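Dear colleague,

I am passing on to you a structure that you have not worked with before, and below it I have set down what was found. Please read the notes with the structure open beside them.

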Amino acid sequence: MVISHWFINLPISPYSLFPIRYSATLADGSELPDWLSFNPITQTFSGTPAYGDAGQLDVKVIATDKEGAIATDTFSIQIQTPFIFGTTNSEEISPEAGQALFAGDGDDTINSTDDNDIFAGNGNDVVTVNSHSSVSAGDGDDTVIVGANGPALNTTVDGGNGEDNLVVAEANGTNNLFGAADADELQVIEGSRQLLFGGSGNDKISVPFFQVNNKANNPHKAIPSNTPAPPILNTPALMA
Ligand SMILES: [Ca+2]
Ligand SMILES: [Ca+2]
Ligand SMILES: [Ca+2]
């Protein structure tokens with residue numbers, strides 16, 4: 001992840017025939033943290049901060065010419081907190097990509113994007129989510145829609161307790177739906193190779209009709225626990 005791209009404003013001549021050497025430290029002169037590196041060629045900072053690295057980081061870039069003249073400048077890198085928290089109220093929350101959300105109690109509406117870890121908490125929550133994410137819907141009768149805003153892949157949904165409605169609206173890779181306890185409804189609207197597990201309870205699992213009926217296309221691995229699997233109907237037209 002590229003944190004920042006920054007060009008130093010040099011009081012020494014930028015037209016010098018001699019190369020200018022760049023380096024970077026923290027503003028107090030100490031070394032950059034292990035996760036952050038500075039490329040002196042491109043004058044680019046890059047790195048992947050951990051959860052504990054959120055906040056402001058003050059850094060200093062040092063330019064040195066062949067004669068030993070030095071110019072420095074300091075600036076701040078803002079590292080977004082990776083966690084956001086809801087309240088006990090019912091609320092609408094839209095986490096940014098890469099964030100983990102703990103929505104808490106209440107009937108929450110959560111509009112997530114990619115690379116999100118969503119913990120919806122108690123309440124009857126409604127969650128939309130795209131790719132490379134996980135959703136733990138928690139207690140309550142929750143609705144989770146994967147790929148509502150475009151095809152999704154590599155997202156895992158756990159409905160938790162309650163009668164949950166879990167949907168893959170559109171997929172371009174495998175997603176996993178797990179109904180968990182109680183009677184859940186799991187549905188694939190568009191997309192193949194989706195993994196659906198009803199868990200305990202009288203679950204209803206539905207997938208596109210043509211995929212149920214065409215084993216050659218590797219249909220969904222729909223595995224309800226207390227209800228029979230969708231029927232495999234080998235119609236002559238689809239067997240041809
Ligand atoms: Ca909630
Ligand atoms: Ca639930
Ligand atoms: Ca279930």
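**What the chain contains**

The secondary structure of the chain amounts to two helices and 21 strands. Please keep in mind as you read that this is a predicted model. The chain has 240 residues, of which 32% count as buried, and among its contacts between residues at least 6 apart in sequence, 23% join residues at least 24 apart.

**The antiparallel sheet**

An open sheet is formed by three strands in the order E2-E5-E6, and their pairing is antiparallel. Strand E2 (21–26) and strand E6 (70–79) each have a single partner strand and stand at the edges, so one side of each is left without a neighbour in the sheet. On average, and with direction ignored, neighbouring strands of this sheet are turned by 25° against each other. Between strand E5, which covers residues 55–64, and E6 there are 10 bridges, and these two strands run antiparallel; within that pairing, aspartate 58 has serine 76 in E6 as its bridge partner.

**The parallel pairings**

E16 is in turn joined to E18 by four bridges, the two strands running parallel, and valine 167 has glutamine 187 in E18 as its bridge partner.

**Valine 144 and its surroundings**

Which strand holds valine 144, and is this residue buried or exposed? Valine 144 lies in strand E14, and because it has 27 C-beta neighbours inside 10 Å, where 20 or more are required, it counts as buried. Leaving out residues up to four places away in sequence, valine 144 touches Val127, Val129, Val135, Ala137, Val157, Gly159 and Leu166. One of these, valine 127, is 17 residues from valine 144 in sequence, yet the two are 4.6 Å apart in space, C-alpha to C-alpha. Valine 127 for its part is in contact with Ile110, Ser112, Ile118, Ala120, Val135, Ala137, Asp142 and Val144, its neighbours within four places in sequence being left aside.

In soluble globular proteins, nonpolar side chains tend to be buried together. The largest nonpolar core of this model has 29 residues, and those that touch the most other members are Ile118, Ala120, Val127, Val135, Val144, Val146 and Leu177. Two or more residues are given to this core by each of strand E11 (117–119), E12, E14, E16, strand E17 (176–178), strand E18 (185–188) and strand E19 (195–199). Another core lies apart from it and consists of eight residues, among them Ala24, Leu36, Phe45 and Leu57.

With kind regards

Definitions and conventions: Residues are numbered from 1 along each chain as its sequence is written. Chains are lettered from A and ligands numbered from 1 in the order in which they are written. This is a predicted model: local features need pLDDT of at least 70, side-chain atom pairs count only at pLDDT 80 or more; totals for chains, interfaces and linings use all residues. Two strands pair if DSSP finds at least two bridges between them. Axes are lines fitted to C-alpha atoms, for helices over the stretch in contact, and angles run from 0 to 180 degrees between N-to-C directions. A residue is buried if 20 or more other C-beta atoms lie within 10 Å of its own, exposed if 12 or fewer, and partly exposed in between; C-beta atoms are placed from the backbone. Two residues are in contact if their C-beta atoms, placed from the backbone, lie within 7 Å. A nonpolar core is a set of buried Ala, Val, Leu, Ile, Met, Phe, Trp, Tyr and Cys residues joined through C-beta atoms within 7 Å.
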